[in-house]
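Take a look at the model below.

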There are 2 protein chains.
Amino acid sequence: MKLGQATIKDIARELNVSSSTVSRALKDYPGISDETKRKVKELADKLNYRPNAVALSLRKSKSFTIGVIIPEVVHFFFSTVISGIEEVAFANGYNVILCQTNEKLSREQSSIETMLSNQIDGFLVSFSRETTDFTHFKKLLDLGFPIVFFDRLPELENTVNVTVDDYKGAYDAVSHLIEQGYKKIAHLSGPQNLNISKKRKEGFLDALKNAGIKPEPDWIIECPYGTEKESFDITTELFKNPENRPDAIFAHHDIVAAGAMMALKNLGLRIPEDVGIVGFSNWQFSSMIDPPLTTVSQPGFKIGEQASRLLLEMINTKKGQSWEQKNIVLDTELLIRKSSVKV
Amino acid sequence: MKLGQATIKDIARELNVSSSTVSRALKDYPGISDETKRKVKELADKLNYRPNAVALSLRKSKSFTIGVIIPEVVHFFFSTVISGIEEVAFANGYNVILCQTNEKLSREQSSIETMLSNQIDGFLVSFSRETTDFTHFKKLLDLGFPIVFFDRLPELENTVNVTVDDYKGAYDAVSHLIEQGYKKIAHLSGPQNLNISKKRKEGFLDALKNAGIKPEPDWIIECPYGTEKESFDITTELFKNPENRPDAIFAHHDIVAAGAMMALKNLGLRIPEDVGIVGFSNWQFSSMIDPPLTTVSQPGFKIGEQASRLLLEMINTKKGQSWEQKNIVLDTELLIRKSSVKV
DNA sequence: AACGTCACCGCAATCGTTTGCAGTTGGTTT
DNA sequence: AAACCAACTGCAAACGATTGCGGTGACGTT
């Protein structure tokens, strides 16, 4: 073979025994003499034998590999999730294969196909922004195929999910702004087909309601792409009327917040004196910008760990036996920095 | 089978032909009647047949999967590289499996082992900070196993590499500072066992030399960890003497630069008026901080594409035939922002 | 009638590993 | 001496797909 990797057959030939014996000797099966075991193990060691994982996969219809489907690795949040996933996967002898969808449904579907034909043992998925039809997941779930959803939740029954409490995170963030004395709070929201966007918006609305503030519909604007540029433009537009403008912004995530901050500075408005601002996700840069951005931190690493652990559990329960619906919700943490502290 | 995935055998049984015939029919081999081909294809379609990639790997000793080894996904640079890699891999029908080393040599080695036992077709590697001994790569290369190194280059002969021109990037950056009128330039360097760190330092030194400026040894400080905190402390220390302090900093990368900026602000120094600063890598946040950071942008996506393309070439040349040494060096680009423009 | 040709298809081995079952020893028991 | 039981070990099928080689039958040709 290409790599000269020794196989069980090589060991068997050399030792004049059958491959069955070698296989059993290596795994300390009873019924193999200590003498043979010793010889086999020694030679295996000497030849630097490693079992061929592919042959194993074929035999066992199990690959010890889990597939991760995410929109984009460049998102700080997702890359921390990946780290969490890898950590527990590795610790349990599983490999991780990664597919970015770039927010494209077609890419999501084809990734699933190729991963399936690679006998993947289960999926960890945060689906694309384009995904509104979940039948490709439904089919697999009905067959008892293990899937754990994280961050973004599908509109399906009986799924196993790991998310953060977006509602509460948003609620806390907005309440904090209100406590600081801001009253005219705008919301730059995320794409409304995503559950997380809806939840954050709800949290925003309820926090206002709870403080007796009536929300201004014009000040709730969707940022479908979530780019810096987009929110720069939207914010500039939002603040163009000096007579009646917001005095604070709750942004769907930090990039959006950063774009807004640049727009505000550009307009000569001071943060946090004139306008307070809070983001979401605690991106890496959030503490480094000026002023440092108050944000809601999501425990990405923990999400990855949890999701991974749940998936491995599902993989290791006997098939046929279906798993119960589960909804793990992890707490967010409000990181108060300068951008929202008036005094 | 678990997923009810149809196999060639299922089709064969249903149609009362042999699996050989099905296999050949599906691939339009000559010597199969059009009638049979039609029937096979129809049924395959109906059963939603997908070839079992694992069985194929075993048969062909080829998995159509490439392994990527990087220090950490959370680095913006690496995640853009990954995107580039995935793009061309996917376009060519290859899968990507990802392993983070977290800068640990042991993790690097074990990842390689498990990937090898998964019949991986080749490696794309940016090795860990701990890696100073390259025999684990050397062994594979000697066996004709395809590896492309990127960003960080090993001390080995005849490897295929993709990097950016760190020397020139640094040289340009420092020359720019000098043009802006800065004269007392410090360098917060990277770990000196990495080639890139050395190259950037050389570029720094040569730019000074070329301008007739003698470097101050005390102002070249290594930041082995490259964290914000580390460079904050180092910078604070570096500027503690008001009598004789630098008037500019060339940082090994943007995080280091950001830490330095915070230290400077903390000391009441203005950027760029009192101190100019340039980073490296164009991290995502660099344009969002205040002032926006001048930096040397590395074409991460392109690096990924190039490396991936080279690797696929190597994989597809007949084995036994060794590949020639190659050193692709991509150009950096100096992004001039406010942090280094005096006027 | 005997032979050759051609189109079409199946057998069986192969990749590396696992595993139910059966076989071969040697020794012990009646 | 026949029977029996351990203790070891090997055979062969299986996972799913590929492929060299050989086989079958229907024709046409002499």
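This is a predicted model: local features need pLDDT of at least 70, side-chain atom pairs count only at pLDDT 80 or more; totals for chains, interfaces and linings use all residues.

The spans tell a related story. Along its principal axes, the C-alpha trace of chain A covers about 90 × 40 × 30 Å.

Now look inside the chain. Chain A holds twelve helices and twelve strands. Of its 343 residues, 46% are buried. Contacts can also be sorted by sequence separation. Among contacts in chain A with a separation of 6 or more, 74% join residues 24 or more positions apart.

Next, bring in the second chain. How is chain A laid on chain B? A turn of 180° and a shift of 0.1 Å along the axis do it, with an RMSD of 0.1 Å. This is the relation of a two-fold axis. The same surface serves both copies, and 100% of the contact residues of chain A recur in chain B.

The interface itself can be counted. On chain A, 42 residues are in contact with 42 residues of chain B. Four elements of chain A each supply at least two residues to the side that touches chain B: α4, α5 (76-91), β2 (95-100) and α6 (105-117). Helix α5(A) gives the largest share, six residues. By class, this side of chain A has 21 nonpolar residues, 15 polar ones and six charged ones.

Chain A contributes two or more residues from each of α1 (8-15), α2 (19-26) and α4 (53-60).

The classes near DNA strand D are nine nonpolar, eleven polar and four charged.

A:R59 is found in helix α4 of chain A. Is A:R59 buried or exposed? A:R59 is exposed, because 10 other C-beta atoms lie within 10 Å, and a residue counts as exposed at 12 or fewer. A:R59 and A:D151 are 92 residues apart in sequence. In space, their C-alpha atoms are 35 Å apart.

Finish with a helix in chain B. Helix α9, residues 195-210, has 16 residues. From its first C-alpha to its last, α9 of chain B reaches 22 Å, close to the 22 Å expected at 1.5 Å a residue. Its buried residues are B:I196, B:S197, B:K199, B:R200, B:K201, B:G203, B:F204, B:A207 and B:L208. What covers these buried residues of α9(B)? The cover includes α8 (166-179), β6 (185-189), β8 (248-251) and β9 (276-280) of chain B. After α9(B) comes B:G212, with a positive phi near 75°.

Technical notes
Residues are numbered from 1 along each chain as its sequence is written. Chains are lettered from A and ligands numbered from 1 in the order in which they are written. Copies are superposed by least squares on the C-alpha atoms of residues with pLDDT of at least 70 in both. Two residues are in contact if their C-beta atoms, placed from the backbone, lie within 7 Å. Ala, Val, Leu, Ile, Met, Phe, Trp, Tyr, Cys and Pro count as nonpolar, Asp, Glu, Lys and Arg as charged, and the others, Gly among them, as polar. A residue is buried if 20 or more other C-beta atoms lie within 10 Å of its own, exposed if 12 or fewer, and partly exposed in between; C-beta atoms are placed from the backbone. The expected span of a helix is 1.5 Å times one less than its number of residues.
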